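Colleague: I'm new to this one. Can you walk me through a few spots?

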Amino acid sequence: MKSRITAFLLIIGILYTQSLVPVCAYGEFPIQTELSTAVTTTALPEYQDWLSQWQEQAAAATGNILLIPGADETGMNFSWYSQQGGTPAVQLDSRPDFARSSIFTGKSAPICRSNGTTVYFAANHVAVKDFLKPGLTYYYRYTENYDPAGCGWSHTFTFKTQDTGSFSAILTGDSQIGASGSIPADAFNWEETLKCAVEKAPDASLLLSAGDQINYKSDQDETGVREREYAGFLYPAYLRSLPTAAAIGNHESKGTDYQFHFYNPHSEDGYGATPSGSDYYFSRGNALFIVLNSNSRNIPAHRKLMKKAVSSHPDAHWRIVMMHHDIYGSGVMHSNRTSANLRTIFAPLMDEYEIDVVFSGHDHSYARSHFMLDGTAIQYPGSTVTDPAGTAYISLGTSSGSKMYGLASPRQFYVAERTNAPLPSFSILSVDSSSLSLKTYDTVGKPYADTFTIVKTKARSNPLSSIKKAQKWKKTGYTKSSFQKLKTALSGFHRKFRPTGADAGADKISRYFRTAKDPLSYYGYAAGTTEALPDGFSTLLDKTRMQRVSITASDFLTSCTAVTGAVKKLKKTSLKIKQGKKTLKDGAVLTLKKGKKLRLKIKASPSRYKVTCRSGAKKYVSISRKGVIRAKKRTGKKNTVRVTIRFQNRVIRLKIRVR
């Protein structure tokens with residue numbers, strides 16, 4: 001470990017001598033193009049020791065079994081490759097001798113996947129449902145060809161289940177095995193990161209990997225590069241005990257291997273699908289996790305998945321989304337280009353479903369946003385926030401150090417904190433009934449970012465829902481003064497917050513996804529642009545790139561409270577006009593003889609306000625303040641005179657014909 005720390009400090013030291021950046025655990029570092037820890041890793045003595053084991057096991061590591069979270073804490077999914085098909089099965093018991101074990105069988109999908117040494121012909125998937133209990137250690141082993149009369153089982157492995165009241169998870173971004181040019185070096189660094197993470201969070205019940213598990217993008221892979229990279233990702237023994245939920249990165253999006261290695265829960269509908277896989281969701285205790293395939297730009301599909309997830313867990317205290325693309329990140333490579341374009345797709349969905357936090361990767365640097373709501377950055381003081389409005393977006397750094405980039409300049413208005421210190425990093429997520437906390441470390445266990453905590457004391461609510469509802473109130477039914485106060489409050493809110501309104505650009509991005517008219521072209525889809533979309537294309541993009549709207553939490557609360565307060569103080573009015581027992585409605589036609597009069601009964605509330613009555617042609621028809629109509633001159637059969645009765649914002653107009 002000491003030599004490993006020395007190697008990492010050497011990288012920082014090189015940067016320090018180049019630019020006089022202060023050496024610290026985390027901060028902003030001027031990486032000119034790209035940097036990798038593999039440069040120093042291969043010189044470490046412990047790497048050389050590790051390499052001999054890797055060379056012996058790498059060919060088989062592609063087939064290593066992977067634990068994936070089940071639909072809830074009572075389930076677990078298992079997935080692995082084998083060289084022959086059959087009836088895959090997993091044997092589970094809370095006792096190491098399997099004396100009272102249960103056997104769960106699954107399905108085998110035919111494949112032909114090579115890592116250049118070994119060819120695999122079956123992807124095995126087994127789901128365990130409604131079986132696991134909290135706070136236990138489970139022993140398991142597996143076989144690709146179960147036979148009740150006898151079969152060959154694997155070695156025995158274990159995993160632990162956590163209590164449902166609280167839990168912790170390890171978060172990693174962009175392990176991207178192979179990106180440095182050395183699969184073994186990246187695999188070594190990935191394993192070292194997991195080792196440090198497990199030491200920091202020994203009771204972690206989940207690993208959340210935010211995409212780009214591997215590097216090779218092409219779906220044409222005659223030499224088996226992709227599966228060799230998967231061997232590096234699957235190599236660490238920690239993954240035999242730590243359920244892994246992974247997002248689909250852009251480097252996985254074109255290949256089909258992801259869907260064979262990962263057997264994800266609630267993915268059967270195929271919402272948000274690309275060749276690699278689709279959206280899915282699962283729950284843990286009081287938290288709902290939604291994992292989106294951000295390579296898909298199909299808004300209706302993502303909305304269906306999110307609606308289904310939220311509807312199935314209406315009481316979830318926390319709503320957490322993970323996807324690969326960091327739509328509010330700060331890396332120089334993507335944050336102002338491809339990721340910004342995808343903001344139009346995903347940010348409105350986070351607002352719509354009131355997501356607490358979004359975890360992502362893609363830019364290989366850490367960034368935490370202010371709480372974002374409709375493209376406005378709501379700035380809460382400090383790093384512990386109670387009952388915030390909006391969604392916090394957190395872009396995770398690289399977990400292997402295979403590829404590290406610089407930060408965008410200038411720093412975006414929505415960024416609360418960022419660092420690209422050239423070290424692999426990981427985060428620990430801790431969740432209980434009242435708080436969600438994130439601690440981030442580098443691979444030698446030093447803090448890599450400020451501790452970030454959300455405290456929740458009340459049910460979630462989107463304040464924009466109240467604002468939008470207030471905008472729909474019609475002035476007709478309320479007193480002038482009370483409705484004017486609402487208009488003033490709404491005007492003050494809009495001036496500070498600047499809502500975006502409809503976004504035709506987002507509709508085009510979604511509707512033309514993977515067609516000849518697709519305005520975007522990254523990740524091999526269609527023929528649009530890989531640069532930022534032009535000004536005027538999207539109202540949300542224009543707001544976040546040109547207007548850059550920020551508001552302090554106190555100003556936001558004051559503005560929202562002014563609107564909701566004005567709504568509560570709206571004073572209703574009523575106005576009824578009767579001719580005898582008949583109630584007259586707006587536009588009613590009355591006929592009178594010349595020289596006659598008609599007394600209307602006007603009832604208005606509140607009574608302290610005045611009713612005004614006016615005639616449109618007094619020489620034909622007059623009306624008194626008390627509602628007495630006098631027919632003075634004939635109008636003719638086809639002509640009428642309009643009589644207007646006003647009370648505050650209510651108006652009733654009558655048509656009078658004099659014969």
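Predicted model: local features only at pLDDT ≥ 70, side-chain atom pairs only at ≥ 80, totals over all residues.

Colleague: Which way do β5 and β6 run, and how many bridges join them?
Modeller: They run antiparallel, with six bridges between β5 (residues 107–114) and β6 (residues 119–128). Strands here are DSSP runs of E, at least two residues, and helices are runs of H or I, at least four, numbered from the N terminus. Two strands pair if DSSP finds at least two bridges between them.

Colleague: What stands opposite Pro110?
Modeller: Ala122, in β6.

Colleague: And what about the turn, how many residues lie between β5 and β6?
Modeller: Four, and the two strands form a hairpin. Gly116 in that turn has a positive phi of about 95 degrees.

Colleague: Is Tyr120 buried or exposed?
Modeller: Tyr120 sits in β6. Tyr120 counts as buried because its relative accessibility is 4%. Buried means under 20% relative accessible area, exposed over 50%, and partly exposed in between (1.4 Å probe, protein chains only).

Colleague: How far is Tyr120 from Arg625?
Modeller: Their C-alpha atoms are separated by 93 Å, and they are 505 residues apart along the chain.

Colleague: New topic. Where is Phe188?
Modeller: In helix α4, residues 183–200. Phe188 is buried, at 2% relative accessible area. Thr42 is 146 residues away in sequence, yet 9.4 Å away in space, C-alpha to C-alpha.

Colleague: Now β33. What pairs with β33?
Modeller: Strand β29 (residues 597–599) does, antiparallel, over three bridges. There, Arg599 is partnered with Val628. Strand β32 (residues 621–623) also pairs with β33, again antiparallel and over three bridges.

Colleague: Which residue in the turn between β32 and β33 has a positive phi?
Modeller: Gly627, at about 90 degrees. The two strands form a hairpin with four residues between them.

Colleague: Where does Lys632 lie?
Modeller: In the loop between β33 (628–631) and β34 (641–647). Lys632 is partly exposed, with a relative accessible area of 43%.

Methods:
Residues numbered from 1 in each chain as written. Heavy atoms only, no water.
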